[in-house]
Amino acid sequence: MITVQGLTKMYGGFKAVDDVSFECRPGAVTGFLGPNGAGKSTTMRIIAGLTPPTAGEARIGGILYQDIPNPGTQVGVLLDASAQHGGRTGREILTMSAIMMGLPMSRVDEMLNLVSLTAGESKRRVRNYSLGMRQRLGIANALLGDPKILILDEPANGLDPAGIHWMRSLLREYANRGGTVLLSSHLLHEIEVIADEIIVIGNGRIVAEGTKAELLQTAGTFVKAGDMSALANALTSAGITASPSGDAGLRTEADPETVGKAVATAGVALVELRPAEGAGLEEMFLELTGDTQREQRPTEGVQA
Ligand code: ADP
């Protein structure tokens, strides 16, 4: 379990993370979704004990990251796949981690196999790795100590479609075995396909959270009739607010059953009635974060 409570991070006068609270439960993949600059990495760095918060706290299994004994065996962290010494080989990086965690060397080969880095690739220097290979190595490093919790910042970046598919299956199985996964992405589709729970962040603040089903539900209903003005009247009389949507239909916040009953009562013949999932999270994401996109950046180089 990861518990984030009232987390705020100021960089000078700039609030990068603003009173953020959420929980990630075991057995689920929690997707942390937000546009670039929303505050995802800062939040994850605070959880992993790399950046001190200005206010609030983040606990893992009830304790602060810095107080976890042999943390790599409890929490696997991948925040920046390129943050490795470029002159070391992939195998050397995993070997050093294994030594630090007191693990048998057999884990190194197991993890290399798991992430499909070949023997030849594992002997190449990381500076010559593609971003996708670095991500695979980073995931191997995060899983090395067989932790029950994984924190991954944009792990899909640089992976090819087959790599993304592989990572999804890996995380799904990991969560199904009771693991806790917090994974960030600025790509809606990534989160939509993998996450059970979703936290949407914009401008440093949580703007929506819930299970995927709950968030999709808030997408409302798409409805279309031959006689659109009769449809609009029927919805208005039932107190349902509707707005024009693509495909010459209407979109409502109400669920399909409520809309269906309202138009049936009014005797309007429908051409289409369905959950507005076509856009789904995407529409919600754009609505929620569109006007909270950062327009100004703080002065670069302020240190944590
Ligand atoms: P995300 O991971 O969602 O893209 P970040 O957490 O990296 O967002 O950044 C959130 C905001 O905080 C951005 O505007 C970024 O420029 C700013 N920021 C992050 N780290 C620092 C820092 N060390 N100094 C100043 N500003 C920072």
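Helix α2 (residues 90-101) and helix α3 (residues 106-114) pack at an angle of about 135 degrees, with their axes 9 Å apart, in what is a predicted model. The helices named here, H or I runs of at least four residues, and the strands, E runs of at least two, are DSSP runs numbered from the N terminus. The axes are lines fitted to C-alpha atoms, for helices over the stretch in contact, and the angles run from 0 to 180 degrees between N-to-C directions. Angles under 35 degrees count as roughly parallel, over 145 as roughly antiparallel, 65 to 115 as roughly perpendicular and the rest as oblique, and α2 and α3 are therefore oblique to each other. Their contact, where contact means heavy atoms within 4.5 Å, is made by R91, L94, T95 and A98 on the side of α2 and by V108, D109, M111 and L112 on the side of α3.

A second pair is formed by α5 (residues 131-143) and α6 (residues 161-176). The axes of α5 and α6 come within 12 Å and cross at roughly 15 degrees, and that makes α5 roughly parallel to α6. From α5, the residues R136, I139 and L143 meet G163, W166, M167, L170 and Y174 of α6. A crossing is called left-handed if the near helix is turned anticlockwise from the far one by less than a right angle, and right-handed if clockwise. The table sets out the two pairs.

| Helix pair | Angle | Axis distance | Handedness |
|---|---|---|---|
| α2 and α3 | about 135 degrees | 9 Å | right-handed |
| α5 and α6 | roughly 15 degrees | within 12 Å | left-handed |

Helix α5 also holds L137, which at 2% relative accessibility counts as buried, a word that means under 20% relative accessible area, with exposed over 50% and partly exposed in between (1.4 Å probe, protein chains only). Leaving aside neighbours within four places in sequence, L137 is in contact with G90, I93, L94, L117, V126 and Y129; one of these, L94, also belongs to the α2 side of the contact with α3. The C-alpha atom of L137 is separated by 9.3 Å from that of S116, a residue 21 residues apart from L137 along the chain.

Helix α1 (residues 40-47) has six of its eight residues buried, so α1 is largely enclosed by the rest of the structure. These buried residues are K40, T42, T43, M44, I46 and I47. After α1 comes G49, with a positive phi near 75 degrees.

Among the strands, β12 (residues 249-252) includes T252, which counts as buried at 1% relative accessibility. A polar atom of the T252 side chain lies 3.2 Å from the backbone oxygen of A254.

Across the whole protein chain there are eleven helices and 13 strands, and the C-alpha atoms fill a box of roughly 75 × 45 × 35 Å, taken along the principal axes. Of the 304 residues in the chain, 47% are buried. Among contacts with a separation of 6 or more, 69% join residues 24 or more positions apart.

The predictor's confidence in each residue, pLDDT, runs from 0 to 100; the chain averages 88, and 90% of the residues score at least 70. Over residues 294-304 pLDDT stays under 50, and for this stretch the model has 17 contacts beyond four places in sequence. In this predicted model local features need pLDDT of at least 70, side-chain atom pairs count only at pLDDT 80 or more, and totals for chains, interfaces and linings use all residues. Residues are numbered from 1 along each chain as its sequence is written, and side-chain values use heavy atoms, with hydrogens and water left out.

Technical notes
A polar contact is a pair of N or O atoms within 3.5 Å; within protein, one must be able to donate a hydrogen and the other to accept it, and residues adjacent in sequence count only if both atoms are side-chain atoms.
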